[in-house]
Protein chains: 2
Amino acid sequence: MTELLSKITQLDSADIAKPIGFHADGQHVGLKHKSKDLGWIFSDVPAAVAGVFTTNQVQAAPIKLDKETIKDGLLQAIIVNSGNANAVTGKIGHQHAKTMQQTAADSLNIDPNLVAVASTGIIGQVLPIDKVVNGIHQLHIAGDSKAFAHAIMTTDTVEKSITVQSQIDGHTVTMSGVAKGSGMLHPNMATMLGFITTDVSISPILLQKALSEDVETSFNQITIDGDTSTNDTVLVMANGQAGHDEIITASSTYDHFKTMLHTVTTALSIGIASDGEGATKLLAVTVKNSESSLDARMVAKKVVGSSLVKTAMFGKDPNWGRIIAAIGASDVAVDPDIIDISLNTIPVMTDGAPTDFNQEAMTEALEQKKIAIDIDLHNGSASGQAWGSDLTYDYVKINALYST
Amino acid sequence: MTELLSKITQLDSADIAKPIGFHADGQHVGLKHKSKDLGWIFSDVPAAVAGVFTTNQVQAAPIKLDKETIKDGLLQAIIVNSGNANAVTGKIGHQHAKTMQQTAADSLNIDPNLVAVASTGIIGQVLPIDKVVNGIHQLHIAGDSKAFAHAIMTTDTVEKSITVQSQIDGHTVTMSGVAKGSGMLHPNMATMLGFITTDVSISPILLQKALSEDVETSFNQITIDGDTSTNDTVLVMANGQAGHDEIITASSTYDHFKTMLHTVTTALSIGIASDGEGATKLLAVTVKNSESSLDARMVAKKVVGSSLVKTAMFGKDPNWGRIIAAIGASDVAVDPDIIDISLNTIPVMTDGAPTDFNQEAMTEALEQKKIAIDIDLHNGSASGQAWGSDLTYDYVKINALYST
């Protein structure tokens, strides 16, 4: 038991290729002006794979291809470009996604059906496929694995990556994640990409179950501007190289794996929210004592997505009226007369009525880079969280004036 | 028939007291710094009344009171203040709303149950009821009726009002509307208030039916920032002084009345959207060839509410990828491969694929104060519209930095 539920440790240095048998690289190949714009992840052996994709009805070519590719539960490589989303590009876009897949497979000498493709960047412009094909030939298996996180960035200002370790059956297991969010070089959509590697051994079915459940409380609880991208993709590869017995049933080992996964996905989610386009602050909304965790998450997401709450936090304005109004506007039945709200632990509303607070302490609290908005619905025992960023001049600037 | 369906003419000068038997006034009573902040509308005789109110679960004290007040279908006066929303103010807030109602009724020498109350302004601060009571004593029955539209403004930069006339059974009938939108003096919520007066004679039941149906295609299709206020109110008073027979069945006369009402509500809706906080442009989205008009309205509202579309229009960026992505993210089933999109009549997407357009013509088109975004779903024969504004630096400024 102690071994199964061993501590999860975050390493000081994150590396997507840290789990046994993984490699990665990133290069500048000319899709963006200067920075790295093409990268891959490769596993020595085919890995169990799970994926979740955008719910937008407009889906980029790579999304459609990946859904087919991962159907059999195995994947050995992921090829990713930034600078162009290959979305709304018609039939030629699908051909380009397949060309990317085939070229990477040839370079790695593996079956194309073991290669997933992801793109992020501007919508509606044909992918410069020659640059991508030439670029793939510049990628190395034993490349600079830390360059991968940069190759997938667009308007992101910082890399989002994490590596954690734990023990399963006496074997050290490692899990790494890399994500990008927040926008595009030619700003277009707040596309979210997340790639997770691990040497844990787990069946594809359980891996998909774990990921599908997890995103409900992690990536799906981020909101930057309420828009849903055509390209959102999260892929997890588990290559089983850590050496323990394969997780094939919903056991305590499986639960431990889910906790590891959640540690990684939550860290990446918070990283994406903190680096929202133009953001100066992370907003972390926690709703407790709700009838269900789904209710709690819905209320939290409504609050963190409110433009009026987001601008108030940018302005360091403890304007809790906007928070209670956002709660009331959610699709969850609430009783406004018994709700408590606090901002960075300072109560502003108690039992549905204004609470006097010390203005100086509040001003100081709202200077913080992270604002915790805590809401007690007094309506049950479930809880949930959501993360977002403030709405700033720079958000408008990035999305209005860096015009195509 | 020609008489029943006579032309609807908009008068050059709008006046909420233009219909026979109506009066209005507005004064500065000290709730706001300088500008008018209290007003009323009064009918010589009790009028049929209809109302629609915010769907937010957090409802300001006046909303709760008005719902009771209009239950019997009759109303003779409306008293409105700006500068304070009397929302989330606990039991004292309800007392204050009743005091407002009673004081106005006493001044006008009518039953308090014939007086509706509306408030707009900051949430969570106790209404300075003494100022309101004193202020009511400064209002006159034969006052400055054009001052009413100013007395209900908050961050509105222009008055929104309209007066139309038509004929019913050989009698001239008049309808006027006044609205405010876009935000608050201490910005807090984009509260929308709308008041409509008419001397048409119509039963309260039909009046409510007409209003409830109409708002679905008018006021409910405006979105400034996606937040729903605690105070949104639309009230229509029809005092029957024009002299024609009362409209008591769904006849062609009733249809004509609905057309008049829609002319007024649409003009006010477009006025509110054009004057959205910080707006430089009106965005008018029209969706056609949809399976149902509800679908069309849902798609239109999703597009006009997208932060990315709104910032693109501010930046004069023909970034139609954001428009198709917003369409795809709506809850309406669409086929992205057959959709057409145009911006101020210039096609940007045809049959789901990019359309080449003249950059110069597009730049000129996007300089306009009104941007028509036309979307053809090729999926039916219904249509719908929605209105909003662009998302600008000034929106952020108004909502972040004019801090309480």
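Author: The model is predicted. Let us begin with Glu213(A), which has a relative accessibility of 34%.

Reader: Why is Glu213(A) called partly exposed?

Author: Buried requires a value under 20% and exposed a value over 50%, with partly exposed in between. Glu213(A) stands at 34%, and therefore counts as partly exposed.

Reader: What makes the pair Lys209(A) and Glu213(A) a salt bridge?

Author: The rule asks for a side-chain nitrogen of Lys or Arg within 4 Å of a carboxyl oxygen of Asp or Glu. The N to O distance between the side chains of Lys209(A) and Glu213(A) is 2.9 Å, so the pair qualifies. Lys209(A) is itself partly exposed, at 39% relative accessible area.

Reader: How far apart in helix H5 of chain A are Lys209(A) and Glu213(A)?

Author: They are 4 residues apart in helix H5 (residues 204-217) of chain A, which means a separation of about one helical turn. Lys258(A) joins Lys209(A) and Glu213(A) in a network of salt bridges.

Reader: In chain B, what makes Lys258(B) and Glu213(B) a salt bridge?

Author: The closest N and O atoms of Lys258(B) and Glu213(B) are 2.4 Å apart, and the limit is 4 Å, so the term applies. Lys258(B) has a relative accessible area of 26%, and Glu213(B) has 34%. Both values fall between 20% and 50%, so both residues are partly exposed.

Reader: How many salt bridges does the whole structure hold, and how many lie between chain B and chain A?

Author: The search over all chains finds 10, while the count between chain B and chain A is 0.

Reader: What, then, describes the interface of chain B and chain A in terms of polar contacts and buried area?

Author: There are 12 residue pairs in polar contact across the interface, with both residues at pLDDT 80 or more. The area buried between the chains is about 4,100 Å², and carbon and sulfur atoms give 56% of that area. Of the area that chain B buries against chain A, Gln57(B), Leu308(B) and Tyr393(B) supply 17%, more than any other three residues. The contact takes 50 residues from each of the two chains, B and A.

Reader: Which elements give two or more residues to the side of chain B that touches chain A?

Author: They are helix H8 (307-314), helix H9 (320-329) and helix H11 (393-400) of chain B. H9(B) gives the most, with 8 residues. By class, this side of chain B has 26 nonpolar, 19 polar and 5 charged residues.

Reader: How do you know that Thr191(A) is buried?

Author: Its relative accessibility is 1%, under the 20% limit, so Thr191(A) counts as buried. Thr191(A) is in the loop between strand S7 (171-180) and strand S8 (193-198) of chain A. An unreviewed UniProt entry annotates Thr191(A) as "active site", and the UniProt "binding site" annotation (unreviewed entry) includes Thr191(A), Thr154(A) and Glu277(A) among its positions.

Reader: Why are Thr154(A) and Glu277(A) also called buried?

Author: Thr154(A) has 10% relative accessible area and Glu277(A) has 3%; both are under 20%, so both are buried. Thr154(A) is in the loop between helix H4 (147-151) and strand S6 (160-168) of chain A, and Glu277(A) is in the loop between helix H6 (252-274) and strand S11 (282-290) of chain A.

Reader: What makes the approach of Thr163(B) to Asp15(B) a polar one?

Author: A polar atom of the Thr163(B) side chain lies 2.8 Å from the backbone nitrogen of Asp15(B), and the limit for a polar contact is 3.5 Å. Thr163(B) lies in strand S6 (residues 160-168) of chain B and is buried, at 0% relative accessible area.

Definitions and conventions:
Residues are numbered from 1 along each chain as its sequence is written. Chains are lettered from A and ligands numbered from 1 in the order in which they are written. This is a predicted model: local features need pLDDT of at least 70, side-chain atom pairs count only at pLDDT 80 or more; totals for chains, interfaces and linings use all residues. Side-chain values use heavy atoms; hydrogens and water are left out. UniProt positions are given in the numbering used here, feature names are shortened, and annotations may be inferred rather than shown by experiment. Buried means under 20% relative accessible area, exposed over 50%, partly exposed in between (1.4 Å probe, protein chains only). Contact means heavy atoms within 4.5 Å. Buried area is the accessible area (1.4 Å probe) that two parts lose on being put together, summed over both. A polar contact is a pair of N or O atoms within 3.5 Å; within protein, one must be able to donate a hydrogen and the other to accept it, and residues adjacent in sequence count only if both atoms are side-chain atoms. Ala, Val, Leu, Ile, Met, Phe, Trp, Tyr, Cys and Pro count as nonpolar, Asp, Glu, Lys and Arg as charged, and the others, Gly among them, as polar.
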